[in-house]
Amino acid sequence: MDKRSYTPHPFEPTKSELPPEAARHTKTNRRSFLKRTGGGLVVFFAFNDLFSYSNESPAASTTADPVIGVDAWIRIGQDGKITVYTGKVEVGQNIRTSLSQIVAEELMVPVSVVSMIMGDTDLVPYDAGTFGSRTTPQMGTQLHKAAATAREALIAMAAKKWNTGTADLKTENGMVLSKRDNKKISYGELTRGNQLLMPVSEKAKVIAATDWKIAGKTIAKINEQSFITGKHEYVSDMKMPGMLYGKVLRAPSYKAKLLEVNILKIPGVTYVQDGDFIGVAAPDIPTARKAMQAIKAKWHEEAGQPSDKNIFDWLFTHASGPHDDRNAGDTQGNVENGLSHADFKLASTYNIQYIAHVPLEPRAAVAQWEDGKLTVWTGTQRPFGVQQELMDVFNLPKEKVRVLVPDTGSGYGGKHSGEAAIEAAKLAKEAKKPVKLVWTREEEFTWAYFRPGGVIEVNAGVNKDGSIPAWKFINYNSGGAGLETQYKISNRRIAYLPSDTPLKQGSYRGLAATANVFARECHMTDLARLIHMDPLEFRVKNLEDTRFIDVLQAAAKAFNWTGPKSNGHGYGIAGGFEKGGYVGCCAEVMVTNNKEVKVIRIVQAFDCGAIINPHHLENQAMGSIVQGLGGALFEAIEFADGKIHNAGLSSYRVPRFTDVPAIEIVLLDRKDKPSAGAGEACIVGVAPAIRNAIVDATGVALNHLPMIPAGRLI
Amino acid sequence: MILNVNGERHELTVDPEVELLTVLRDYLHLTGSKYGCGEGACGACTVLVNDQPARSCVTPVSAVIGKDVTTIEGLEKNGELHAVQKAFLATDAFQCSYCASGVIMSATALLKNNPAASEDEIIKTMNGNVCRCGTYPYILKAIKMAQLNK
């Protein structure tokens with residue numbers, strides 16, 4: 001067994017949300033950068049002030065060979081083709097498409113001219129990873145600027161060539177045109193024979209969202225046809241000459257220690273034993289399975305590990321002191337004082353179970369060693385993070401490890417780590433042949449990591465006029481994202497206290513906001529009910545951010561919030577602000593006489609700034625809502641004594657066709673605001689809106705996630 | 001062992017108990033059919049066996065000897081996409097698309113067996129296919145479009 005599996009996930013949710021700092025760590029030198037970019041015009045995004053380079057002939061030798069930090073770059077080739085190099089990866093969120101649209105927009109070329117090189121550590125600049133809804137606001141903004149810089153540079157080059165001013169020139173369809181005499185020249189011709197390296201100009205004028213012609217429009221997923229014909233090669237589909245198939249022996253439970261092992265070796269199979277790690281590589285899957293069956297291992301298992309039945313007591317009693325990073329929460333005013341003067345007080349405890357990401361493509365890796373260099377293809381959201389893990393395990397320098405990420409079968413925050421990559425590399429090193437390792441569904445459920453479980457204690461006061469004089473909100477273990485309240489509350493104490501998690505935990509879509517927004521929005525509705533105020537009116541009364549108010553009201557309007565309700569039906573509302581996106585969610589439920597709960601419809605309004613691709617944005621919102629239904633209603637990991645008891649898709653229930661209610665999505669296109677990421681915020685309102693609708697219908701407050709694993713009120 | 005896959009005859013030597021999915025993917029390199037769960041619970045591995053949907057991850061290869069197996073790679077005819085694929089292409093339904101092959105094969109079987117399936121019938125029949133990205137409403141839209149285009 002790989003010991004690494006036992007250590008807590010090294011990237012706590014809150015830390016993994018901080019790419020800008022981390023991104024500064026990796027640097028490249030100028031010579032290798034030039035070598036990697038090739039000819040043509042290259043515009044790179046750098047953190048340092050690199051304008052000094054632009055005046056230099058790139059071919060000139062420099063004795064100092066200065067180090068530069070680059071985040072992304074765009075290359076305009078001599079054939080007019082535009083290539084974007086980025087460490088972001090495509091896991092279904094369709095950023096290959098949206099980022100292409102951004103570059104095509106600024107350079108005024110068809111999207112088909114733009115190609116994206118993504119997640120290849122040998123070719124692209126360092127990137128901390130694809131998570132935290134950072135791609136659109138961070139990488140998207142940079143690419144806008146970089147492509148605008150390139151456009152202006154091309155115009156300047158044409159002006160020089162034609163000995164004219166830039167004011168007479170414009171760009172159109174891959175050409176620079178003279179407005180005066182209709183002369184034109186293609187980008188490729190302009191860059192021919194040149195190798196120009198220039199940093200992004202902060203002064204470059206990006207095209208306003210109101211003037212977008214390519215961005216802001218629905219275009220189809222790039223390479224869509226390869227996906228619907230089965231031709232796209234995911235890592236799990238790869239096959240290389242001489243490739244072997246790997247399998248790894250797993251411990252029977254967490255924290256188990258290998259006592260003894262008896263390996264009955266099968267000819268033609270490669271075996272690796274390295275401490276508790278035992279793996280095989282065989283010419284085909286059936287042989288690899290036989291080889292595994294012929295390994296008899298005895299383990300010492302650790303008894304007394306907590307279960308999903310006593311987990312909340314465990315997390316509460318094993319909590320440590322306040323977290324000390326930026327999601328530690330805050331304290332303002334005097335909560336006790338505020339509570340003592342409130343007209344009403346309400347204390348509730350919200351319990352959140354661990355859930356699994358269940359990416360339909362499990363972890364997979366193909367590893368190959370050639371001349372001491374390790375190359376691994378793997379589906380990860382953090383190619384450079386996995387590169388680092390491989391460097392650490394095999395004690396290799398950066399240039400000896402290459403990680404490539406073909407477009408991958410989803411992640412949802414669950415593919416930050418490189419377990420399969422390490423395992424495949426260990427086997428390939430011994431076998432001296434490429435090895436593919438695809439985790440089984442059971443392995444993915446058991447040996448990846450989970451969205452944290454948690455306990456959230458909320459104690460708040462409310463006055464008859466709808467003001468909130470006190471708010472105490474303590475989160476045990478589930479994390480800091482979404483902890484802060486957007487409501488006006490003068491006396492508050494908000495804190496996140498990590499605990500001793502018995503399961504490996506890590507990032508998830510929306511991170512801890514799925515838990516924190518649930519507790520906050522449930523409590524808001526319950527406070528409104530105490531003073532008999534409409535829950536929407538109560539929220540609006542306590543909000544200042546008009547974008548937040550707008551999404552709540554837009555959802556309520558489309559939902560017909562004040563409309564009549566059928567018998568046994570209830571309406572619920574919830575809102576959230578997460579990763580730059582505002583979401584308002586309304587839900588209608590029906591509760592039958594025998595306490596069956598059915599979600600009838602969900603209406604969600606979403607504002608994430610200027611919309612880049614309306615269909616793909618709506619699809620992301622839809623996906624978040626549907627995934628949110630699972631965590632809200634029935635998803636939960638069942639565990640005891642270090643074992644996962646529902647590590648399969650027949651036992652762990654995920655949302656299916658019949659679980660989907662009527663869903664309406666209202667997109668607010670804020671062309672006056674920068675585009676924010678869209679993969680996460682839409683998940684946070686679903687659970688509290690449904691829960692609040694159930695309260696409305698029945699008076700029963702379900703303060704636990706999942707709410708109705710058996711489909712009915714208990 | 002002789003297998004008929006996508007109208008082609010394949011001769012191969014393999015343990016008859018090995019599941020069809022592994023044979024398709026690793027022996028015939030038809031990797032369009034995906035592994036998702038290994039217990040027939042997610043539908044990512046769906047293929048047609050004599051025009052009926054089958055979960056190839058729990059079907060022993062011996063069970064399809066003498067039968068016609070169709071995978072996603074066999075849907076195109078003379079370079080033209082199948083009507084169901086065309087509808088999915090037009091709808092741009094998927095996100096990561098790992099479920100796509102299985103979804104399209106299940107939908108193809110559904111529309112072959114029940115061309116006028118009601119929305120309710122579509123939803124019930126497709127319930128065995130998991131799309132973890134949650135694109136179900138778009139999948140439904142694509143299947144309805146394929147119904148009209150037939």
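User: How do I read contact range in chain A: what share of the contacts between residues at least 6 apart in sequence join residues at least 24 apart?

Analyst: Start with the term: two residues are in contact if their C-beta atoms, placed from the backbone, lie within 7 Å. In chain A, 80% of the contacts between residues at least 6 apart in sequence join residues at least 24 apart. Keep in mind that this is a predicted model, where local features need pLDDT of at least 70 and side-chain atom pairs count only at pLDDT 80 or more, while totals for chains, interfaces and linings use all residues. Residues are numbered from 1 along each chain as its sequence is written, and chains are lettered from A and ligands numbered from 1 in the order in which they are written.

User: And burial: what percentage of chain A is buried?

Analyst: A residue is buried if 20 or more other C-beta atoms lie within 10 Å of its own, exposed if 12 or fewer, and partly exposed in between, with C-beta atoms placed from the backbone. Of the 714 residues in chain A, 55% are buried.

User: Which residues have the most contacts inside the largest nonpolar core?

Analyst: A nonpolar core is a set of buried Ala, Val, Leu, Ile, Met, Phe, Trp, Tyr and Cys residues joined through C-beta atoms within 7 Å. The largest one here has 253 residues, and Val43(A), Val103(A), Ala365(A), Val376(A) and Ala424(A) have the most contacts inside it. Helix α5 (residues 135–162) of chain A gives the largest share of this core, 10 residues. Take Ala424(A): leaving aside neighbours within four places in sequence, its contacts include Gly246(A), Ala365(A), Val376(A) and Leu437(A).

User: How are helices and strands called, and how many of each does chain A have?

Analyst: They're DSSP runs, numbered from the N terminus: helices are H or I with at least four residues, strands are E with at least two. Chain A has 18 helices and 31 strands.

User: Why is α4(A) described as largely enclosed?

Analyst: Look at burial: 13 of the 13 residues of α4(A) are buried, so it is largely enclosed by the rest of the structure. For length, the expected span of a helix is 1.5 Å times one less than its number of residues. α4(A) (residues 95–107) reaches 18 Å from its first C-alpha to its last, close to the 18 Å expected. Met108(A) follows α4(A) and has a positive phi, near 55°.

User: How do β13(A) and β14(A) pair, parallel or antiparallel?

Analyst: Two strands pair if DSSP finds at least two bridges between them. β13 (residues 270–274) and β14 (residues 277–282) of chain A are antiparallel, over five bridges. Tyr271(A), for one, has Val280(A) in β14(A) as its bridge partner. The two strands form a hairpin with two residues between them, and Gly275(A) in the turn has a positive phi of about 65°.

User: Where does chain A touch chain B, and how many residues take part?

Analyst: The contact takes 47 residues from chain A and 43 residues from chain B. On the chain A side, α17(A) gives the largest share, six residues. For residue classes, Ala, Val, Leu, Ile, Met, Phe, Trp, Tyr, Cys and Pro count as nonpolar, Asp, Glu, Lys and Arg as charged, and the others, Gly among them, as polar. That side of chain A has 19 nonpolar, 19 polar and nine charged residues.

User: What domains does chain B have?

Analyst: Bounds come from an automatic or database domain assignment, which gives chain B domain 1 (2–74) and domain 2 (83–149). Their C-alpha centres lie 20 Å apart.
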